Amino acid sequence: MHLIETLLAWAEANEMLLTALALSSALVFAVSLLTVPWFVARIPVDYFREVERPVLPWANRHPAIRWPLLVIKNLAGLLFMAAGIAMLVLPGQGLLTMLAGIILMDFPGKFRFERWLIRQPALLDAINWLRRRRGRPPLRL
């Protein structure tokens, strides 16, 4: 009983923090419902069939354009990963959000990891379901 009283006292003392966490959780949930299906629908159908990673659209751009785009893309990927990890315990599409973050980020071994991850039946089914809802064909492995 002492633990419950302690937790209630802590909750009362940190009401603003708990409210901010609840609001940010709701916001992340809403944003993930809108953005994850959009990202999933934009994955090329044959992206995972390639033996090597496809060339990025901006790979041949001037470094003054390419580097800021890469930094923004990687920061967005980190944000999606953090949100996905949080959604494993909060409401939201945690695994799909994490996949979107992984696809956005650049790191050694990424393409091999993506190919392994996408071959997990539950994840592939969820992605193809989202693609179907967006009128896109299923991913070909």
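Visitor: Leaving aside its neighbours within four places in sequence, which residues is Asn128 in contact with?

Guide: Keep in mind that this is a predicted model. Setting those sequence neighbours aside, Asn128 touches Pro138 and Leu139. Asn128 itself sits in helix H6, which spans residues 121–133.

Visitor: What does the side chain of Asn128 reach?

Guide: Look for the backbone nitrogen of Leu139, which the Asn128 side chain reaches at 2.8 Å.

Visitor: Is Asn128 buried or exposed?

Guide: The cut-off for buried is under 20% relative accessible area. Asn128 comes out at 11%, so it's buried.

Visitor: On to the rings. How many aromatic pairs does a search of the whole structure find?

Guide: Five. To sort a pair, check the angle between the planes: under 30 degrees is stacked, over 60 is edge-to-face. Take Tyr47 and Phe48: their planes are at 90° and their centres 4.9 Å apart, so that pair is edge-to-face. Both Tyr47 and Phe48 are buried.

Visitor: And how are the planes of Phe113 and Trp116 arranged, stacked or edge-to-face?

Guide: Stacked, with 25° between the planes and 6.0 Å centre to centre. Both belong to helix H5 (residues 110–118), where they're three residues apart, about one turn of the helix.

Visitor: How do Phe113 and Trp116 count for accessibility?

Guide: Exposed means over 50%, and partly exposed falls between that and the buried cut-off. Trp116 has a relative accessible area of 51%, so it's exposed, while Phe113, at 34%, is partly exposed.

Visitor: Which residues do ring pairs link into a cluster?

Guide: Trp38, Phe39 and Phe80 are joined that way.

How values were computed:
Residues numbered from 1 in each chain as written. Predicted model: local features only at pLDDT ≥ 70, side-chain atom pairs only at ≥ 80, totals over all residues. Heavy atoms only, no water. Helix = DSSP H or I, 4+ residues; strand = E, 2+ residues; numbered from the N terminus. Buried < 20%, exposed > 50% of the residue type's maximum accessible area, 1.4 Å probe, protein only. Polar contact = N/O pair within 3.5 Å; in protein donor to acceptor, adjacent residues only side chain to side chain. Contact = heavy atoms within 4.5 Å. Phe/Tyr/Trp six-rings, centres within 6.5 Å; stacked < 30°, edge-to-face > 60°.
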